[in-house]
Amino acid sequence: MRSTKPSRRVDAEVVVKPVKLPKGPPPAAPPCKVAILGFGTVGRSVAKILWERPSARARFHVTYIYNRNVERKRVSWLPQDVRWTDRIEDVLNSDVDVVVEVVGGLNPAEHWVRAALQSGKSVVTANKQLIARCGPELAALAKKKGRHIEYGASVAGGIPVLSGLQDGLSGDRLFRVCGILNGTCNYILTRMESAGVSFAAALKEAQEQGFAEADPTDDVDGYDARSKLAILARAGLHTEVRPEEILCCSIRVIEDVDFMYSNMLGCTIRQVSCAEKQGRLLYASVQPSLVPLASPVARVHSSQNLVMATGEYGGETVFSGYGAGGNPTAVAVVSDLISIARRGEYAMNGIPEVPHTPRKVTSDFTTKHYLRVTVKDKPGILYSVTRICNRYQINVDSVLQKPGFPKEKLPFVVTLEACKAATVEKAMKEIAQLEFLVQPPVCLPMMD
Ligand SMILES: NC(=O)c1ccc[n+]([C@@H]2O[C@H](COP(=O)([O-])OP(=O)(O)OC[C@H]3O[C@@H](n4cnc5c(N)ncnc54)[C@H](OP(=O)(O)O)[C@@H]3O)[C@@H](O)[C@H]2O)c1
């Protein structure tokens, strides 16, 4: 029998349900709740940027500000609902999403950062000491907790050098990072250079201008820069190095006469931090050094910073700008906050996942040297100095002696051809014993 109904073949049943599309833009994500630990130079600037910039204000709510004796820190320009506290537990037990640590120092900052991560909060910090020492451990803890720790402000303040190395240059194989990492030293050295003043006068001026601490040890003796160099070596060269493994030398030995002699050599003097990997070795040091006047490093003035990264494929990349100061540093902190907010909860953490190669750390660079000897003049002095150099097979390249200095305190300079720093150090110990010296010799590496 044939059906009277028209035949219909159904291969698959497709049911299309009408979808109701929501009107208007998708609902905004709830703002990220932020606590600021430390309401000093950087903390205030972070709060200011988060409040002043409408896009930041919509995205981040500062809900807690923590500081000791917090009452004296209160400001009227932040909204009334910010809770000011001097009880760290208030922050750690709160529902904040990100803790910004801008207290500084190792203790108690380390404890607070660990506790914040343990309690499921992400962390942004500007603390180079903490990150140089415990960065990988803290990153591992953050990862375990599904949170983030970011520290872009810990090296070179407002210059995005860490993200530049970790992200921007991750396609290259970097083998050297080098530059000026301490604004205080750079301010002092450029003032000595331009105004012809002594180290003591330039330091006093830096303190008056707010570029140097009352106790300048960390800066002028190189400890601050070596923590930053350790972080750069980790981020750019995938090499773990403890700050105390890095040789650091003070700029206190530099005198105005060194600028005069270095200028005769076509150079000036800067505190240079350098890390370079060669096979299983990591060459690393922070030292006042002669740099050619034409190099980018010589053109860094006042409290600015500069980092040069050199890679096998891309060659040299230079990052420069304001390495310190409340606002530039706060920009780096706020950028880290934005990066955390953008990446959501499950993205990879800030520390690179590239395996780290163990390397022996050495400061035995092969380089030319500048040697200043200050003597009570008498015949045979130059012969005595060069004889010691010859004994160590160090070739003398040039001898400079400006006329006009008193015979009782006569500075002259010998430049040495490229050789190992350790060999020069041995020769220097002998030269330092010569009876006609009126002050210890000064020996500085000369950068190419
Ligand atoms: N300033 C810069 O240019 C710069 C650049 C790059 C990185 N950083 C880093 O940023 C961080 C903050 O630097 P900063 O210049 O803002 O320092 P700061 O002006 O001294 O501010 C630190 C704040 O933390 C408070 N604080 C310190 N120890 C505390 C403690 N144990 N308990 C409670 N509160 C404490 C201080 O309170 P008091 O007022 O009572 O001392 C102060 O308000 C440091 O890690 C620094 O290395 C700073």
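I began with strand 1 (residues 32-37) and strand 2 (residues 60-66), which run parallel and are joined by six bridges. For this entry, strands are DSSP runs of E with at least two residues, helices are DSSP runs of H or I with at least four, and both are numbered from the N terminus. Two strands count as paired if DSSP finds at least two bridges between them. Within this pair, I found leucine 37 opposite tyrosine 66 in strand 2.

A note on the source: the model is predicted, so I keep in mind that local features need pLDDT of at least 70 and side-chain atom pairs count only at pLDDT 80 or more, while totals for chains, interfaces and linings use all residues. Residues are numbered from 1 along each chain as its sequence is written, and side-chain values use heavy atoms, with hydrogens and water left out.

I checked two loops for backbone geometry. Proline 108 lies in the loop between strand 4 and helix 4, and a cis peptide bond joins asparagine 107 to proline 108, with omega about 5 degrees. In the loop between strand 2 and strand 3 I noted asparagine 69, which is not a glycine but has a positive phi of about 40 degrees.

Last, the ligand. I counted 22 residues around the ligand, of which Val42, Asn67, Arg72, Lys73 and Gly325 come nearest; a residue is near if one of its heavy atoms lies within 4 Å. For polar contacts I used pairs of N or O atoms within 3.5 Å. A ligand oxygen lies 2.8 Å from a side-chain N or O atom of asparagine 67, and one lies 2.9 Å from a side-chain N or O atom of arginine 68. The protein covers 74% of the 890 Å² of accessible area that the ligand has on its own, by the Shrake-Rupley method with a 1.4 Å probe.

Technical notes: Polar contact = N/O pair within 3.5 Å; in protein donor to acceptor, adjacent residues only side chain to side chain.
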